[in-house]
Amino acid sequence: MKSKAPSILSSDLVLTGSIVSDGEIQLDGQVDGDVRAGSLIIGEDASVSGEVSAETVVIRGKVTGSVRARQVQLASTARIEGDIVHATLSVEAGAYFDGHCRHASDPMQTGDTSKSAKPKVEAPKADSKPPAPGKPDPLDSLEPPVAASKSGF
């Protein structure tokens with residue numbers, strides 16, 4: 001498979017809508033919409049308002065929305081307001097992140113499998129009936145502990 005040149009979206013670009021690419025995107029402008037790519041670099045002056053999804057993401061600019069990627073790098077200039085789902089995450093000192101961060105072995109899967117992937121195990125139900133009449137409750141025979149008394153010896 002031949003390597004393709006990255007798509008570069010310059011700093012004077014303002015895009016309203018979604019971007020989809022299997023290749024590499026370098027974003028230096030502003031996107032109001034979702035961005036899906038094989039590899040994504042969000043430059044220092046770039047901003048994305050929407051969901052970001054890629055195999056690898058390097059964020060140096062601003063993202064308002066969720067980030068979903070196998071490998072996420074937050075540079076010191078990054079500003080993230082949203083959740084991050086990742087397989088690996090690295091954060092440089094100075095990066096701003098306001099949201100929840102969750103590790104997933106396959107972050108590219110969009111469904112929430114955290115609940116459905118686990119088998120449902122129910123605890124055995126306790127018998128809520130009181131003991132049958134005439135049968136003593138074994139807990140009734142227990143006496144409360146007696147506090148130690150001080151003696152004058």
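Strands in what follows are DSSP runs of E of at least two residues, and helices are runs of H or I of at least four, both numbered from the N terminus. With that settled, let me start at S53, which lies in strand β8, residues 52-59. S53 is buried, at a relative accessible area of 9%, where buried means under 20%, exposed over 50% and partly exposed in between, using a 1.4 Å probe and protein chains only. Leaving out residues up to four places away in sequence, S53 touches V35, R36, A37, R68 and M108, a contact being heavy atoms within 4.5 Å.

Before going on, a word about the model. It is predicted, so local features need pLDDT of at least 70 and side-chain atom pairs count only at pLDDT 80 or more, while totals for chains, interfaces and linings use all residues. Residues are numbered from 1 along each chain as its sequence is written, and side-chain values use heavy atoms, with hydrogens and water left out. The mean pLDDT of the protein is 82, with 69% of its residues at 70 or more; pLDDT is the predictor's confidence in each residue, from 0 to 100. Please be careful with residues 112-124, where pLDDT stays under 50 and the model has 2 contacts beyond four places in sequence.

Now the sheet. Six strands form an open sheet in the order β2-β5-β7-β9-β11-β13, with parallel pairing, and two strands pair if DSSP finds at least two bridges between them. At the edges stand β2 (14-16) and β13 (96-98), each with a single partner strand, so one side of each has no neighbour in the sheet. From one strand to the next, the twist averages 5°, taken between axes that are lines fitted to C-alpha atoms (for helices, over the stretch in contact), with angles from 0 to 180 degrees between N-to-C directions. Within this sheet, β9 (residues 62-64) and β11 (residues 79-81) run parallel and are joined by 3 bridges, and K62 stands opposite R79 in β11.

Which residues have the most contacts inside the largest nonpolar core? They are L40, I42, V48, V52, I59 and V63, in a core of 23 residues. The elements giving two or more residues to this core are β4 (24-27), β6 (35-42), β8 and β10 (67-74). By a nonpolar core I mean a set of buried Ala, Val, Leu, Ile, Met, Phe, Trp, Tyr and Cys residues joined through side-chain atoms within 4.5 Å. V63, leaving aside neighbours within four places in sequence, is in contact with I42, V48, G50, V52, R79, I80 and E81.

Finally, the charged pairs. The structure holds 5 salt bridges, each a side-chain nitrogen of Lys or Arg within 4 Å of a carboxyl oxygen of Asp or Glu. One of them joins D34 and R36, at 3.7 Å from N to O, and another joins R36 and E51, at 3.4 Å. Because R36 lies in strand β6 and E51 in the loop between β7 (47-49) and β8, this second pair ties together parts that are 15 residues apart in sequence. E51 is partly exposed, at 23%. R70 forms a salt bridge with E55, the closest N and O atoms being 2.6 Å apart. Here R70 lies in strand β10 and E55 in strand β8, so parts 15 residues apart in sequence are again tied together. R70 is partly exposed at 30% relative accessibility, and E55 is partly exposed at 33%. Through shared partners, salt bridges join D34, R36 and E51 into one network.
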